[in-house]
Amino acid sequence: MGLIILSTILSIVLGSCAWLVLGDRFPVGDEAKWPVANNICVYAAILLLPVYLTIFVFFSFS
């Protein structure tokens with residue numbers, strides 16, 4: 001349970017950093033872009049699985 005919470009919090013933080021670097025890009029190909037919170041949620045959702053797997057592998061081998 002702690003692994004899921006840690007990876008969720010870390011993916012939200014990294015999603016916010018990704019939004020700072022990449023900016024408002026969603027929805028792709030549409031002129032009207034979503035609000036900031038929606039873009040951060042999309043970035044966090046994209047990063048959730050890689051962050052979870054990275055933390056899982058790191059803690060399983062240490």
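Begin by selecting Met 1, Ile 5, Ile 9, Leu 10, Val 13 and Leu 14: together these residues make a nonpolar surface patch of about 570 Å². The model on display is a predicted one.

Next, move to the loop between helix H1 (2-22) and H2, where Pro 27 is found. Display the backbone here and inspect the peptide bond from Phe 26 to Pro 27: this bond is cis, with omega near -5°.

Continue into helix H2, which spans residues 36-61, and select Tyr 52 and Phe 56. These two residues are four apart in the helix, about one turn. The structure holds three aromatic pairs. In the pair of Tyr 52 and Phe 56, the ring centres are 6.3 Å apart and the planes meet at 15°, so the arrangement is stacked; the cut-off for stacking is an angle under 30 degrees. How exposed are the two partners? Tyr 52 is partly exposed at 28% relative accessibility, and Phe 56 is also partly exposed, at 44%.

Finally, select Phe 58 and Phe 59, an aromatic pair with edge-to-face geometry. Their centres are separated by 5.3 Å, with 70° between the planes. Is Phe 58 buried or exposed? With a relative accessible area of 54%, Phe 58 is exposed.

How values were computed:
Residues numbered from 1 in each chain as written. Predicted model: local features only at pLDDT ≥ 70, side-chain atom pairs only at ≥ 80, totals over all residues. Heavy atoms only, no water. Phe/Tyr/Trp six-rings, centres within 6.5 Å; stacked < 30°, edge-to-face > 60°. Buried < 20%, exposed > 50% of the residue type's maximum accessible area, 1.4 Å probe, protein only. Patch = residues over 30% accessible without salt bridge, like charges linked within 9 Å, V, L, I, M, F, W, Y side chains within 5 Å. Areas by Shrake-Rupley, 256 points an atom, 1.4 Å probe, with all protein chains shown as cover. Salt bridge = Lys/Arg side-chain N within 4 Å of Asp/Glu carboxyl O.
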